[in-house]
Every structure is written in structure tokens, then in C-alpha cells.
Amino acid sequence: MTLEEWNTKLYEKLYAEHQEFVKDLQVHDSFYCIELAYELVSREDLLMHVEMNNLTPEQCKALLREKKPMDKLFEAWEKHEGRHMEEIGECVESVANKLIRQHKRSREAER
């Protein structure tokens with residue numbers, strides 16, 4: 001199989017598993033769904049990454065051997081300590097600083 005075919009096969013398995021997760025959410029009340037919103041979005045991000053066909057055939061095979069590879073990926077993501085909160089903070093500060101500059105410019109224009 002080609003690299004693209006391996007990635008497509010993995011994507012299809014992950015997508016089917018993700019659809020089961022979504023179906024399960026649909027039968028629960030909104031409070032339950034809200035509790036799992038982060039997991040839903042994270043799973044969609046993981047799925048989107050696989051859709052880009054960036055994995056090697058060996059990586060695809062390893063994940064395909066798992067009964068529920070999406071569960072494995074989300075479990076690993078949940079434990080992953082990345083820069084996510086730092087990036088959130090940088091974004092908040094950047095927007096606030098931009099608004100400060102805009103406010104100063106508009107006050108200067110009023111003079």
C-alpha cells in the first residue's frame with residue numbers, strides 16, 4: 001500500500017470510532033455533553049491531523065493494530081504537557097495589547 005492508502009485506512013478507522021463517540025453523546029443530556037466537550041474537540045483535532053497524511057506506514061500500522069486507536073490517542077493527548085496554556089496566555093495578552101494601542105490612537109485622534 002502507498003503512504004496515502006495507509007493514512008486513509010487509519011483515518012477511516014479513527015473516523016468510525018469518533019462517530020461512535022458522537023452517537024453516544026447524542027443520547028445523553030446536555031450537561032453530560034458539556035462535560036465531554038473538550039474530549040470531542042480534541043478527538044476532532046486528532047482526526048484532522050491524521051487526515052493530513054503525515055504518518056509513516058509503520059505509524060499507521062501500529063495504530064491500526066489497536067482496537068480503539070482514537071481512545072489511545074486521546075488518552076496520550078490528555079497526559080501531554082504542551083504549551084497550550086502558554087499559547088492561550090500569549091493570545092490574550094496580544095489581543096489586550098492591540099486593544100490598548102487602538103484605544104490610545106482613538107483618544108489621540110479625538111484631540
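Buried means under 20% relative accessible area, exposed over 50%, and partly exposed in between (1.4 Å probe, Shrake-Rupley method, protein chains only). The model is predicted: local features need pLDDT of at least 70, side-chain atom pairs count only at pLDDT 80 or more, and totals for chains, interfaces and linings use all residues. Residues are numbered from 1 along each chain, and side-chain values use heavy atoms, without hydrogens or water.

Q: Is Met-85 buried or exposed?
A: Met-85 is placed in helix α6, residues 84-110 (helices are DSSP runs of H or I, at least four residues, numbered from the N terminus). Its relative accessibility is 60%, so Met-85 counts as exposed.

Q: Which residues make the nonpolar surface patch of about 300 Å²?
A: Patch members have over 30% relative accessible area and no salt bridge, with nonpolar side chains joined within 5 Å. Met-85, at 60% relative accessibility, is exposed and is one of the members. The patch is made by Met-85, Ile-88 and Val-92.

Q: With which residue does Arg-43 form a salt bridge?
A: Arg-43 is buried, because its relative accessible area is 3%. A salt bridge needs a side-chain nitrogen of Lys or Arg within 4 Å of a carboxyl oxygen of Asp or Glu. The closest N and O atoms of the bridge are 3.0 Å apart, and the two partners both lie in helix α3, four residues apart, about one turn of the helix. The partner of Arg-43 is Glu-39.

Q: Over the ring of which residue does the charged end of Arg-43 sit?
A: A charge counts as over a ring if NZ of Lys or CZ of Arg is within 6 Å of the ring centre and within 35 degrees of the ring normal. The charged end of Arg-43 is 4.4 Å from the centre of the ring concerned. That ring belongs to Phe-21.

Q: Which residues does Glu-39 touch, not counting those up to four places away in sequence?
A: Glu-39 lies in helix α3, residues 37-51. At 16% relative accessibility, Glu-39 counts as buried. With contact taken as heavy atoms within 4.5 Å, Glu-39 touches Phe-21 and Phe-74.

Q: What is the N to O distance in the salt bridge of Glu-75 and Lys-79?
A: Glu-75 and Lys-79 are four residues apart in helix α5 (residues 69-79), so about one helical turn separates them. Glu-75 is partly exposed at 43%, whereas Lys-79 is exposed at 62%. Their side chains meet with an N to O distance of 3.7 Å.

Q: Which residues are linked with Arg-83 in a network of salt bridges?
A: Eight salt bridges are counted in total. Arg-83 forms one with Glu-86, the closest N and O atoms being 2.8 Å apart. Arg-83 is partly exposed at 41%, and Glu-86 is partly exposed at 46%. The network links Arg-83 with Glu-86, Glu-87 and Glu-90.

Q: What is the phi value of Asn-53?
A: Asn-53 lies in the loop between α3 and α4 (57-64). At 27% relative accessibility, Asn-53 counts as partly exposed. Asn-53 is a residue other than glycine with a positive phi, near 60°.

Note on methods
Patch = residues over 30% accessible without salt bridge, like charges linked within 9 Å, V, L, I, M, F, W, Y side chains within 5 Å. Helix = DSSP H or I, 4+ residues; strand = E, 2+ residues; numbered from the N terminus.
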